[in-house]
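I opened this notebook to record what I looked up in the structure shown below. The entries follow the order in which I consulted it.

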Amino acid sequence: MTIEQHIEELRAELKNACDAAERREIQTELDLAQAELAIITAGQDGSVDAEPPF
């Protein structure tokens with residue numbers, strides 16, 4: 001599964017979540033996945049150096 005697919009599944013789960021605690025958990029996971037995608041994208045387009053600093 002790609003990160004994009006994972007994000008789409010989390011968005012669908014968030015729409016169907018009934019419980020507030022479940023919504024918070026899914027939203028947190030969605031935020032992390034979106035941040036991961038942003039890092040991957042930035043590394044690919046060269047706007048961020050993906051190598052460790054050492």
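Which residue takes a positive phi just after H2? I found that Gly 46 does, at about 85°. I note that the model is a predicted one.

Entry on helix H2. I read H2 as residues 20-45, a helix of 26 residues. From its first C-alpha to its last, H2 reaches 37 Å, which is close to the 38 Å expected at 1.5 Å a residue. At the start of H2, I found a side-chain oxygen of Asp 19 within 3.2 Å of the backbone nitrogen of Ala 21.

Entry on burial. I listed the buried residues of H2 as Ile 26, Leu 30, Ala 33 and Ala 42. I then looked up what covers these buried residues, and the cover includes helix H1 (3-16).

Entry on the packing of H1 and H2. I found an angle of about 160° between the two helices, with their axes 9 Å apart. An angle over 145 degrees counts as roughly antiparallel, and H1 and H2 are therefore roughly antiparallel to each other. H1 passes H2 in a left-handed crossing. On the H1 side, I noted that the contact residues include Ile 3, Ile 7, Leu 10 and Leu 14. On the H2 side, they include Ile 26, Leu 30, Ala 33 and Leu 37.

Entry on Glu 8. I located Glu 8 in helix H1. Is Glu 8 buried, partly exposed or exposed? Glu 8 counts as partly exposed because its relative accessibility is 45%.

Note on methods
Residues are numbered from 1 along each chain as its sequence is written. This is a predicted model: local features need pLDDT of at least 70, side-chain atom pairs count only at pLDDT 80 or more; totals for chains, interfaces and linings use all residues. Side-chain values use heavy atoms; hydrogens and water are left out. Helices (H or I, at least four residues) and strands (E, at least two) are DSSP runs, numbered from the N terminus. The expected span of a helix is 1.5 Å times one less than its number of residues. Buried means under 20% relative accessible area, exposed over 50%, partly exposed in between (1.4 Å probe, protein chains only). Contact means heavy atoms within 4.5 Å. A polar contact is a pair of N or O atoms within 3.5 Å; within protein, one must be able to donate a hydrogen and the other to accept it, and residues adjacent in sequence count only if both atoms are side-chain atoms. Axes are lines fitted to C-alpha atoms, for helices over the stretch in contact, and angles run from 0 to 180 degrees between N-to-C directions. Angles under 35 degrees count as roughly parallel, over 145 as roughly antiparallel, 65 to 115 as roughly perpendicular and the rest as oblique. A crossing is left-handed if the near helix is turned anticlockwise from the far one by less than a right angle, and right-handed if clockwise.
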